[in-house]
Amino acid sequence: MPRQIVRKKLPLVAIVGRPNVGKSTMFNRLTGSRKAVVHEKPGMTRDLNYLEAEWEGKSFILIDTGGYELETENEIYRQMREQTLIAVDQADVIIFLTNLNEPNNAVDDEVMRRLRRSGKPVVLAINKADSKARREEAIAEFAGYGSKYMVGVSALHGNGTGDLLDMVVELLPDMSDDDEEQDLRIRLAVVGRPNVGKSTLVNKILGYERSIASDIPGTTRDAVDTTFERNEQRYTIIDTAGIRRRGKIEKGPEKLSALASRMSMQQCDVALLLVDAIDGITEQDAHVAGFAVDAGCAVIIVVNKWDAVEKTHRSVDEFTRDLKDEWGFLKDAPVLFISALTGQRVEKLFDLIAQVFSEYTREIGTSELNVWLAQATTYLSPPVRSGRQLKIKYVTQTGNRPPSFTFFVNDPDLVHFSYERFLLNQLRKKFGFTGVPVRFRYRQKSEDAPRKGRPYQR
């Protein structure tokens, strides 16, 4: 029986609702993270957070939204409402979170009307239901919404979240239903700060002016995608809006454009990260690079406007070395020097794309992986923590786009970050994965697991 490989393009699930109903607490609970800031003060979440989550073998991207308010003069709340509507438009399934202690709320009524108009499947989750009696009360209290999928939950204590996730995965679209042509298509996102030549590069690749190219930063506002074919390979290329540092992003259209660019990276296979050769490496470039790494896509660093730089015989090597020194987290990413305006070396991009995409989708057999694991653990034994030693039973590849590996261990809490880094370095040394991120997960082997609860995953 072939191993199931998780595709990169995952369904999106958005948590929406009023500010301060527990969306960030629920996001952290369902993803097993602390990425979203939790505070009693309303409006603490002002930007979308998103992480990959998994339940019963099904993976999806979970989005935490800032919150929906009715028409208000408050600019922050207005922006949060716009971001929530973007998330609703993008999502495949929506978790509508309400508060059992605040029924019959006018904002909840408005949100439900919006969600019905969207036509998206909705799970109504009533928070602050901390006991069985309270969960039954929640269903009765909110029955007037007529939702087919309703559940009382406690985001803080985790009560009812299993039932919530059961409903969510039931409603998820089957991404394997995509046609074979879409499966074989490589999704590219051209990303970078404003005015580094993203639209010019897209136009040069396509051979016509699909995007408006201008010296004025911020000309591109929307993430525009175009499908084309080259050398019998189909691509979808996305020209994204420029992303500046958070403190420099203007309110309104620019902020929403930057958000759309980040979400484009979540759905692409390869990000072409453009750097301006004239300006050199900037703090904003590192900011965009960090988003690309977080998104889990393969990255090619493209140094644009190289024709306009006064060069010596060592210029390429010096610039590359500076890049690697500044961005240690992208030290394995390939670098290409081009001119999008003249087309210099643009064609070489497709050789690099083919290389990193091959690594991005690479699959390694379980037997080969465990031979490597035995050699790695013999070279350096797993650490001992609090008198207990980590024991790794075996490893298997459980996904690609990006390559993902699950280690079955006696206790995931014994995995120290330094040993994880050692394993990652050894894996790259043996198998490559040049230019692509690699994900590690840890599960407790069944005989080592507690009698109650599900296998632990990190």
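This is a predicted model: local features need pLDDT of at least 70, side-chain atom pairs count only at pLDDT 80 or more; totals for chains, interfaces and linings use all residues.
Residues are numbered from 1 along each chain as its sequence is written, and side-chain values use heavy atoms, with hydrogens and water left out.

A word on terms: helices (H or I, at least four residues) and strands (E, at least two) are DSSP runs, numbered from the N terminus, and two strands pair if DSSP finds at least two bridges between them.

So, S10, residues 270-276. Strand S7 (residues 186-191) runs parallel to S10, with four bridges joining them. Seven bridges join S10 to strand S11 (residues 298-304), again parallel, and Leu-272 has Ile-300 in S11 as its bridge partner. From S10 the chain goes through helix H9 (residues 283-295) to S11, a right-handed β-α-β crossover; that is, with the strands pointing away from the viewer, the path from the first strand over the helix to the second runs clockwise.

Is S10 buried or exposed? Seven of its seven residues are buried, meaning under 20% relative accessible area with a 1.4 Å probe, protein chains only. Val-270, Leu-272, Leu-274 and Asp-276 point one way, and Ala-271, Leu-273 and Val-275 the other.

Now the other sheet. Three strands form an open, mixed sheet, ordered S15-S16-S17. Its edges are S15 (392-399) and S17 (439-444), each pairing on one side only. S15 and S16 (residues 404-409) are antiparallel over six bridges, and Val-395 has Phe-407 in S16 as its bridge partner.

Conventions. Buried means under 20% relative accessible area, exposed over 50%, partly exposed in between (1.4 Å probe, protein chains only).
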